[in-house]
Amino acid sequence: MTDADELAEQVRAGDLRLHELEDHADHDTAAEARRKLLESETDADLGTVGDYAFDAELAEPNIENMVGAAQIPMGVVGPVVVSGGSAEGDYYLPLATTEGALLASVNRGCSVISTAGGADARVTKNGMTRAPVFRVQGIVEAEEVVNWVRDHRDELVEAAEATTNHGKLEDVTTYVVGDSVFLRFVYDTKDAMGMNMATIATGEAASLVEEETPASLVALSGNLCTDKKPAAINAVEGRGRSVTADVRIPRETVENRLHTTPEAIEEANTRKNLVGSAKAGSLGFNAHAANTIAAAFLATGQDAAQVVEGSNAITTVEARDEELYASVSIASLEVGTVGGGTKLPTQTEALDVLGLRGGGDPPGSNADALAEIIAVGALAGELSLLAALASRHLSSAHEELGR
Ligand SMILES: CC(C)(COP(=O)([O-])OP(=O)([O-])OC[C@H]1O[C@@H](n2cnc3c(N)ncnc32)[C@H](O)[C@@H]1OP(=O)([O-])[O-])[C@@H](O)C(=O)NCCC(=O)NCCSC(=O)C[C@@](C)(O)CC(=O)[O-]
Ligand SMILES: NC(=O)C1=CN([C@@H]2O[C@H](COP(=O)(O)OP(=O)(O)OC[C@H]3O[C@@H](n4cnc5c(N)ncnc54)[C@H](OP(=O)(O)O)[C@@H]3O)[C@@H](O)[C@H]2O)C=CC1
């Protein structure tokens with residue numbers, strides 16, 4: 001009997017809990033024991049799930065009850081020419097997905113952008129948010145809390161920043177609803193996506209608010225942050241990086257490479273991304289920015305649930321005299337090059353392809369560059385899909401490549 005068999009048996013007998021196995025064996029053996037247990041209790045064969053290429057211990061901060069790895073195909077698009085505030089040069093962008101035709105499409109857009117001389121990109125706003133909710137007796141106490149927060153900004157900064165060497169508290173906005181007070185803390189988290197950092201820092205600041213005011217903390221996240229849910233506040237105010245990429249493409253390139261005209265792409269964008277999205281009550285006035293964002297997130301170790309916020313993007317297109325102008329503005333792109341999943345082996349290698357592993361010099365510049373390159377990738381995807389729709393190639397492309 002192997003160690004893994006014995007551990008699985010002890011779980012079966014009720015002597016050990018499934019999440020305690022790392023206390024009794026190395027991480028790979030613990031994962032193997034869980035697979036054996038699952039295989040014996042279901043009809044599943046987990047041979048492929050168990051065939052992963054990194055030391056399970058490396059994943060300890062990222063997962064509990066590990067059984068193996070979900071392996072998603074990774075491809076690459078580009079090189080695409082980016083002229084950004086932090087990103088500058090020709091970039092290959094790694095993308096992980098299971099949607100056939102997606103990389104072909106983004107790759108086509110990248111190739112068109114590069115033929116046109118490249119895309120410009122800029123991060124226009126940066127701030128990770130956490131918004132605790134406090135209970136008060138009523139509006140009189142609520143006003144007292146709001147006034148205290150306004151008058152004691154320096155003390156809140158001191159409390160919050162005591163927990164981090166990198167994070168900076170930039171702003172606190174107050175919101176009152178009856179006997180609930182929300183404080184929306186905004187941080188510059190430099191190269192970290194920053195959700196742990198902002199949460200830990202806000203915990204300290206919230207304790208100070210409780211000590212000094214009648215407010216009583218109900219929840220450290222009061223949903224006005226807003227993390228991992230569709231919310232207008234992120235689309236309007238931004239969360240993480242607000243980033244825009246744009247490009248001007250000569251008419252000839254549109255006709256030769258995208259098989260349509262600037263006018264047809266503009267009309268598809270207006271009727272679909274603007275009018276259609278408005279009628280649908282959508283927060284995303286784009287075609288499929290989430291496609292490129294999700295695939296880049298999976299490849300580079302971002303938090304996949306935050307693709308929800310990433311989809312808050314507006315695509316604009318204008319047919320000009322002899323060219324097409326196109327832009328994508330992503331209001332809330334939550335990315336980092338340190339922390340979270342970015343430390344895992346395949347994700348680190350993907351960041352190496354971009355030259356963006358770890359902290360930047362100055363701090364924050366690597367995460368800014370990643371945001372700019374992803375925005376250019378999203379712009380490429382928008383151009384290619386809008387062109388495919390305008391030239392009626394969408395279904396044939398997916399018949400050929402996606403199934
Ligand atoms: C499929 C294409 C690109 C063909 O487009 P094409 O112009 O016929 O292709 P081509 O063979 O002439 O090649 C042009 C370029 O495309 C790229 N390309 C072409 N093929 C490949 C390939 N196999 N692998 C990698 N790259 C490829 C490549 O860059 C190539 O240039 P080259 O490098 O040869 O000089 C085009 O028809 C297309 O982009 N269609 C749109 C497909 C698409 O965007 N799908 C996205 C998913 S749709 C979805 O999920 C969201 C949706 C639709 O529901 C959202 C909504 O509601 O709108
Ligand atoms: N806690 C929560 O509520 C939530 C957590 N998450 C998870 O949070 C994780 C991401 O949190 P995040 O805060 O980004 O990551 P980490 O918790 O890993 O924090 C980032 C770490 O990197 C250090 N660091 C080193 N160099 C830099 C640099 N150049 N810029 C910034 N930080 C640097 C920071 O040090 P120092 O602290 O000294 O500055 C800090 O220790 C993900 O796994 C995500 O899934 C997601 C949503 C909610």
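Visitor: How far is a polar side-chain atom of Thr164 from an oxygen atom of ligand 2?

Guide: This is a predicted model, where local features need pLDDT of at least 70, side-chain atom pairs need 80 or more, and totals for chains, interfaces and linings use all residues; side-chain values use heavy atoms, leaving out hydrogens and water. Residues count from 1 along each chain as its sequence is written, while chains are lettered from A and ligands numbered from 1 in the order written. A polar contact here is a pair of N or O atoms within 3.5 Å. For Thr164 and ligand 2, the distance is 2.7 Å.

Visitor: How much of ligand 2 does the protein bury?

Guide: Taken alone, ligand 2 exposes 940 Å² (Shrake-Rupley method, 1.4 Å probe). Of that area, the protein buries 71%.

Visitor: Which domains does ligand 2 lie between?

Guide: Look at who gives residues to the shell around ligand 2.

Visitor: What side-chain distance does Ser105 have to an oxygen atom of ligand 1?

Guide: Ser105 is among the residues that come nearest to ligand 1. From an N or O atom in the Ser105 side chain to an oxygen atom of ligand 1, it's 2.7 Å.

Visitor: And how much of ligand 1 gets buried?

Guide: On its own, ligand 1 exposes 1,100 Å². The protein's share of cover is 60%.

Visitor: Which helix gives the largest share of the shell around ligand 1?

Guide: Helices are DSSP runs (H or I, at least four residues), numbered from the N terminus. Helices 3, 13 and 14 each supply at least two shell residues. The largest share, five residues, comes from helix 3.

Key
Polar contact = N/O pair within 3.5 Å; in protein donor to acceptor, adjacent residues only side chain to side chain. Domains from an automatic or database assignment. Near = heavy atom within 4 Å.
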